[in-house]
Amino acid sequence: MREISHKLAFTHDAPATRYSDVFDPNNGGVQARVALGDAALLDLAVAAAKKAQPAWAAVNPQRRARVMFNFKALVEANMNELAHLLSSEHGKVIADSKGDIQRGLEVIEFCCGIPHVLKGEYTQGAGPGIDVYSFRQPIGIGAGITPFNFPGMIPLWMSGVAIATGNAFILKPSERDPSVPVRLAELFSEAGLPDGILQVVQGDKEMVDAILDHPDIKGVSFVGSSDIAHYVYNRGVAAGKRVQAMGGAKNHGIVMPDADLDQVVNDLSGAAFGSAGERCMALPVVVPVGEKTAIALREKLIPAIEALRVGVSTDAEAHYGPVVTAAHKQKIENWIQTGVDEGAELVVDGRGFTLQGHEEGFFVGPTLFDHVTTGMSAYKEEIFGPVLQMVRADSFEEAVALPSQHQYGNGVAIFTRNGHAAREFAARVDVGMVGINVPIPVPVAYHTFGGWKRSAFGDTNQHGMEGVKFWTKVKTITQRWPDGGVGDAANAFVIPTMG
């Protein structure tokens with residue numbers, strides 16, 4: 001059986017004592033096993049990073065950017081291989097896997113401009129003969145703990161900015177689909193990145209805790225469920241680290257009476273069911289405003305959902321593939337039953353879906369609920385599957401309140417032709433990322449990604465300038481070059497603010 005291991009800056013011959021199975025979601029079989037590392041392995045990786053990082057930080061930003069340019073070209077040249085590898089372990093269709101990698105690559109494109117964004121500030125004449133300037137320096141060694149649902153994009157979000165700003169980076173990917181991060185690290189080495197600057201350590205909670213506790217790791221970036229994000233944030237901060245921990249979501253799509261319903265249904269088909277709903281920026285809740293809107297939307301949604309094609313990852317005609325594991329499939333189906341038990345109307349039931357020839361695959365059919373209410377636990381919690389819930393609102397005010405009062409505040413969208421309503425909604429809704437006629441409002445790479453409330457812990461977002469700030473620290477220098485000889489009384493120091 002194929003064995004997936006780490007990508008380290010040193011030879012590691014010691015056999016693993018623990019392994020985790022890696023499944024093929026398309027047929028339910030075990031296709032590989034991944035070696036799970038421990039704190040001792042992390043110590044060796046940190047030692048290698050600590051040895052390599054000062055020299056990398058001393059490399060001028062232009063040369064670090066050239067590595068990013070080389071890496072971008074290598075990823076593009078190997079896109080098909082990476083996408084098929086990703087789909088084989090995650091289950092998303094090839095087109096979604098390519099999109100996964102491409103969105104990560106857009107952050108690498110941002111990192112190609114790192115010489116510009118690292119420019120500091122300068123004030124001439126802050127006091128008599130005194131100038132003040134500041135610049136950003138890397139924090140040293142950073143770490144990323146990434147989820148199963150975007151094994152290409154999120155590791156690139158974290159590692160790209162951390163490395164471009166002069167840090168060494170240790171990545172702990174999900175043990176469910178661990179191969180693509182290792183392959184990306186290999187391509188970084190091929191692009192000219194020195195040994196020790198990017199290492200991949202495989203593991204589970206034992207490795208996560210080792211990362212959070214290690215005194216030489218100065219910053220940790222995390223994406224996962226909210227409960228684990230809260231745990232990571234608290235433990236990391238208690239250990240003296242800076243931590244950004246992105247959690248779960250329950251994104252709402254508000255449909256105003258004037259919206260183009262055909263476009264809304266088309267957008268919802270992709271946003272709610274694409275990638276089997278396994279993404280924190282999915283749109284699992286639709287909120288039609290007014291009974292007339294709800295009835296019309298439902299009539300259009302049902303045939304569109306029934307027309308969705310669920311298939312294996314390599315099926316070019318499939319809209320989405322299987323979910324990642326049998327346990328996750330069962331969890332989704334349990335939530336569907338919970339919705340039924342709580343009184344929601346199950347309009348389209350995706351449970352029990354099977355695909356001929358792939359009966360053991362982890363497939364869940366598209367599901368639609370109507371008459372979902374805010375008191376239902378199936379509404380309050382993240383399902384993370386191909387399940388769309390309709391929550392009817394009587395007014396614009398109620399539509400603003402629904403996502404604002406929800407425990408999660410990652411993303412939200414409004415569909416309308418009314419510019420005033422869109423402007424009011426964007427200003428007032430208590431959510432971190434807003435789409436106006438955009439169903440999945442993931443910001444472009446040179447802006448930043450991050451939610452509010454239980455969708456994010458810490459006060460710095462992912463990538464863009466927020467990412468640069470997270471992976472660097474500011475140093476400010478106040479200098480003067482006095483005229484005259486040593487001890488000249490006329491050149492006595494004066495605090496700039498008192499000059």
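**Exercise 1. The annotated domain**

Task: State which residues the UniProt annotation "domain: Aldehyde dehydrogenase" covers, and describe that span in this predicted model.

Solution. 
- Step 1. According to the unreviewed UniProt entry, the annotation runs over residues 18–477.

**Exercise 2. A salt bridge at Arg18**

Task: Find the salt-bridge partner of Arg18 and say where the two residues lie.

Solution. 
- Step 1. The partner is Glu206, with 3.0 Å between the closest N and O atoms. This is within the 4 Å cut-off for a salt bridge.
- Step 2. Arg18 sits in the loop between β1 (2–4) and β2 (19–24), while Glu206 belongs to helix α8. The two residues are 188 apart, and the pair links distant parts of the chain.
- Step 3. Arg18 has a relative accessible area of 27% and is partly exposed. Glu206, at 38%, is partly exposed as well.

**Exercise 3. A salt-bridge network**

Task: Start from the salt bridge of Arg392 with Glu291 and name the network to which the two residues belong.

Solution. 
- Step 1. The closest N and O atoms of Arg392 and Glu291 are 2.6 Å apart.
- Step 2. Arg392 is in the loop between β15 (387–390) and α14 (396–405), and Glu291 is in helix α11 (residues 291–306). They are 101 residues apart.
- Step 3. Arg392 counts as buried at 18% relative accessibility, whereas Glu291 counts as partly exposed at 46%.
- Step 4. Through shared partners, salt bridges join Glu291, Arg298, Glu345, Asp370 and Arg392 into one network.
- Step 5. The search of the whole structure gives 25 salt bridges.

**Exercise 4. Aromatic pairs**

Task: Classify the pair Phe71 and Phe188 and the pair Phe148 and Phe384 as stacked or edge-to-face.

Solution. 
- Step 1. The structure has 9 aromatic pairs. Planes under 30 degrees apart count as stacked, and over 60 as edge-to-face.
- Step 2. Phe71 and Phe188 are 3.7 Å apart centre to centre with 0° between the planes, a stacked pair. Phe71 lies in helix α2 (residues 61–77) and Phe188 in helix α7, so the pair ties together parts 117 residues apart in sequence. Both Phe71 and Phe188 are buried.
- Step 3. Phe148 and Phe384 have 5.9 Å between centres and 85° between planes, which makes the pair edge-to-face. Phe148 and Phe384 are buried too.

**Exercise 5. The largest pocket**

Task: Describe the lining of the largest pocket.

Solution. 
- Step 1. The largest pocket holds about 980 Å³ of space.
- Step 2. Its lining has 35 residues; Phe148, Arg176, Gly224, Ser225 and Ile228 lie nearest the centre.
- Step 3. Two or more lining residues come from each of α8 (205–213), β9 (219–223), α9 (226–238) and α12 (326–341).
- Step 4. By class, 14 lining residues are nonpolar, 11 polar and 10 charged.

Conventions. Residues numbered from 1 in each chain as written. Predicted model: local features only at pLDDT ≥ 70, side-chain atom pairs only at ≥ 80, totals over all residues. Heavy atoms only, no water. 1 Å grid on protein atoms, 1.4 Å probe; cavity = no way out; pocket = protein on both sides within 12 Å on 5 of 7 lines; lining within 4 Å. Points joined across faces, edges and corners; volume = space filled by probe spheres on them. Helix = DSSP H or I, 4+ residues; strand = E, 2+ residues; numbered from the N terminus. Nonpolar A, V, L, I, M, F, W, Y, C, P; charged D, E, K, R; others polar. Salt bridge = Lys/Arg side-chain N within 4 Å of Asp/Glu carboxyl O. Buried < 20%, exposed > 50% of the residue type's maximum accessible area, 1.4 Å probe, protein only. UniProt positions renumbered as here; feature names shortened; annotations may be inferred. Phe/Tyr/Trp six-rings, centres within 6.5 Å; stacked < 30°, edge-to-face > 60°.
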